[in-house]
Number of protein chains: 2
Amino acid sequence: MPNSVDAAASATQEIARRMRAAVLMALPLAGLSALPAAAADAAAPQPLQEPAKSLPVPTADISPEMQKFIAAPLNPNWDKLWKTGEETRAFADKQAAATVKTIPAMLERLHVKSEASTMDGVKVHILTPAVIPPENSNKLLIHTHGGCYVLFPGESGTTEAVMMAGFGQFKVISVDYRMPPEAYFPAALDDVMTVYKTALKTTEPKNMAIFGTSAGGALTLEAVLRAKQDGLPMPGAIAPGTPMSDVTKTGDSFYTNELVDNILVSRDGFCDAAAVVYAKGHDLADPMLSPVNGDMHGFPPTILTTGTRDLLLSNTVRVHRKLRRAGVEAALVVFEGESHAQYQFDDRVPETKEAFGEIAAFFNSHLGH
Amino acid sequence: MPNSVDAAASATQEIARRMRAAVLMALPLAGLSALPAAAADAAAPQPLQEPAKSLPVPTADISPEMQKFIAAPLNPNWDKLWKTGEETRAFADKQAAATVKTIPAMLERLHVKSEASTMDGVKVHILTPAVIPPENSNKLLIHTHGGCYVLFPGESGTTEAVMMAGFGQFKVISVDYRMPPEAYFPAALDDVMTVYKTALKTTEPKNMAIFGTSAGGALTLEAVLRAKQDGLPMPGAIAPGTPMSDVTKTGDSFYTNELVDNILVSRDGFCDAAAVVYAKGHDLADPMLSPVNGDMHGFPPTILTTGTRDLLLSNTVRVHRKLRRAGVEAALVVFEGESHAQYQFDDRVPETKEAFGEIAAFFNSHLGH
């Protein structure tokens, strides 16, 4: 197979070139110096030199449908290093238009109704399954969508909420929080809190859960930190999926899974650049942007989901450890071979149903009713 | 730092050289052809080409003591590809002599007493903590040590049992099962079953747990599969730590964490070679050697432990998924940055206490008393 070997080698060179370019572009954004330290600490531990490797597509215990996502080439947009809210929104609008087209068929497959509405001025979508079993009739889930704080506006942000409503048979409110350039940090969190506080007027907190993936996982954690800070009651449970819990590029899998995760691809890629756009100069280490830095004592029962190839594997397990160290009941689900957030890419994939089944079971055993 | 850069580059070359040598040596052992396939399936998914990378030692949320284990160079014995039980035993005896010297101080630190004994002809060590709280007085744990089915004979196999007895305040029986060249598959499992059956005469199964790491994690799973097969009652809970659940070199982290895990290092390394020695020609895919292939319906509550750099990360999460798919209550603990089994290397490391604390809490909430 000399042709495919050449093609692979050439692809590797192209990836390395793009990675170098992305790193150089990202350095000034992050306020870092591109110059190496003049004199490193002689006693400092040396980095591990990992050689180039060829990673076959894993197949054992993975459905053929999920194998296709795992086998997909690197996200072609991974090195889009947006600098402004206008740039992120232009991309988000194009992506949203494509996503929205897929939603009616999914609503039909999962027997879910979607209605746009507002709650105390915040835009939401209300997802209602055709059948709500009696034990779920008093439960309410709040969904915080992902997309690096800048992607998936409007109905395009509801896909995960539709899956949760359909697979779990819960009523779900998906928050269409404000995003750049309309508003910046902490607008997204403010909107989530508005919806939570409004929902508290009609629903017992113990019957409520908050969930979301990626930036939505971070917003889930941030909402609980903010609720603690504001003296609001805790929800009954939360499900942050592969949360962007640390936007300071800290976490071992930012390195070990770099150019292995085919969605986020690199810590110097689009998603961390987008978080910087959203933060608009705010300290990235603030727990309201990097919730792994928050105090998690008193958190409600939490279920976390990730994959072995996820760039945010470390930032998921760090949150899990931090919760457990704070005495919180916390469950961890790690899918074999999956990259960032792939467990919620397509409702027709068995692992997607499995992931939502785990979350639904966790909610059912921890929420009041 | 030109010198350290040169040294790192030279070390990388040396690693690559040793890896190629190890692969070439391992191929005939595994019965594989070293020749590439003449014509690959054109539709087959292409492997991902991961470029060479430099991995800094992770520090966030990791104790300084654990950072030292993570920063350690690759295990110098990783490419020892033993072919006979005599070879494995010669190495095991040397290693055991060094390990045994460290045990008296640990017994003192953890206030545990160790006594050699036998149960129905099988050698065991009985680990008794100075204080057994009343709620643990009727509980009994059975420990199956690790070491690729060939290492840690005699008292050297008890370190994890001492930690469990000390941190969890349980009485623990550590099985000193027969190993090559004295005996081969399924002797280790037979010895574990003998101890389990003997213990059942005096202890309620619901008050018993089985636990162990690596090959000991596999033996834990194999013992439950065998108990099911033989119609024996299930223990109340089990704790397989980073189990060698698949010795057919299947599992994505065998690739993604190759030359990242500084303990096992490679799927073509010492540990999988040792498992082949133990199997002595038996089918490696047999669930009694690769328990991920077993039917896990009816398993007792299970807690699994691994690390993000663990070569067996995949084989741990695959077991977790398989248990959950079978409706079993199963918890997963993944430590940031850790390679294979590092959570139980030293009782003085905070993450070690944390790992055993998680297992003890799980046992306390699932065992009868």
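# Questions on a predicted model

Biologist: In β2(B), which residue is the bridge partner of A:Glu50?

Modeller: Elements here are DSSP runs numbered from the N terminus, helices being H or I with at least four residues and strands E with at least two. Three bridges join β1(A) to strand β2 (residues 53-55) of chain B, and these run antiparallel; two strands pair if DSSP finds at least two bridges between them. In β2(B), A:Glu50 has as its bridge partner B:Lys53.

Biologist: Which residues do the totals for chains, interfaces and linings use?

Modeller: Residues are numbered from 1 along each chain as its sequence is written, and chains are lettered from A and ligands numbered from 1 in the order in which they are written. This is a predicted model, where local features need pLDDT of at least 70 and side-chain atom pairs count only at pLDDT 80 or more, while the totals for chains, interfaces and linings use all residues.

Biologist: Which element gives the most to the side of chain A that touches chain B?

Modeller: In the interface, 49 residues of chain A are in contact with 49 residues of chain B, where contact means C-beta atoms, placed from the backbone, within 7 Å. The elements of chain A that give two or more residues to this side are α1 (2-29), β1 (48-50), β2 (53-55), α7 (253-256), α9 (313-325) and β10 (330-335). With seven residues, the one that gives the most is α9(A).

Biologist: How many residues of the side of chain A that touches chain B are nonpolar?

Modeller: Ala, Val, Leu, Ile, Met, Phe, Trp, Tyr, Cys and Pro count as nonpolar, Asp, Glu, Lys and Arg as charged, and the others, Gly among them, as polar. On that side, twelve residues are polar and twelve charged, and the nonpolar ones number 25.

Biologist: What percentage of the residues of chain A count as buried?

Modeller: Chain A has ten helices and ten strands. A residue is buried if 20 or more other C-beta atoms lie within 10 Å of its own, exposed if 12 or fewer, and partly exposed in between, with C-beta atoms placed from the backbone. Of the 369 residues of chain A, the buried share is 54%.

Biologist: Which residues point the other way from A:Val172 and A:Ser174 in β6 of chain A?

Modeller: In a regular strand, side chains alternate between the two faces of the sheet. In β6 (residues 172-175) of chain A, all the residues are buried; A:Val172 and A:Ser174 point one way, and pointing the other way are A:Ile173 and A:Val175.

Biologist: Which residue in β6(A) stands opposite A:Ile142?

Modeller: Strand β4 (residues 122-129) of chain A runs antiparallel to β6(A), joined by four bridges, and A:His125 is paired there with A:Ser174. Strand β5 (residues 140-144) of chain A is also joined to β6(A) by four bridges, but these two run parallel. In β6(A), the residue opposite A:Ile142 is A:Ile173.

Biologist: Which residues touch the most other members of the largest nonpolar core?

Modeller: A nonpolar core is a set of buried Ala, Val, Leu, Ile, Met, Phe, Trp, Tyr and Cys residues joined through C-beta atoms within 7 Å. Beyond four places away in sequence, B:Ala274 touches B:Trp82, B:Thr88, B:Cys148, B:Tyr149 and B:Val150. In the largest core, of 194 residues, those touching the most other members are A:Ala274 and B:Ala274.

Biologist: Is A:Asp120 buried or exposed?

Modeller: Most residues other than glycine have a negative phi. A:Asp120 has a positive phi of about 50 degrees and is found in the loop between β3 (112-119) and β4 of chain A. Because A:Asp120 has 12 other C-beta atoms within 10 Å, this residue is exposed.

Biologist: Is A:Asp61 buried or exposed?

Modeller: A:Asp61 also has a positive phi, of about 60 degrees, and lies in the loop between β2 and α2 (64-71) of chain A. Because A:Asp61 has 23 other C-beta atoms within 10 Å, this residue is buried.

Conventions. Contact = placed C-beta atoms within 7 Å.
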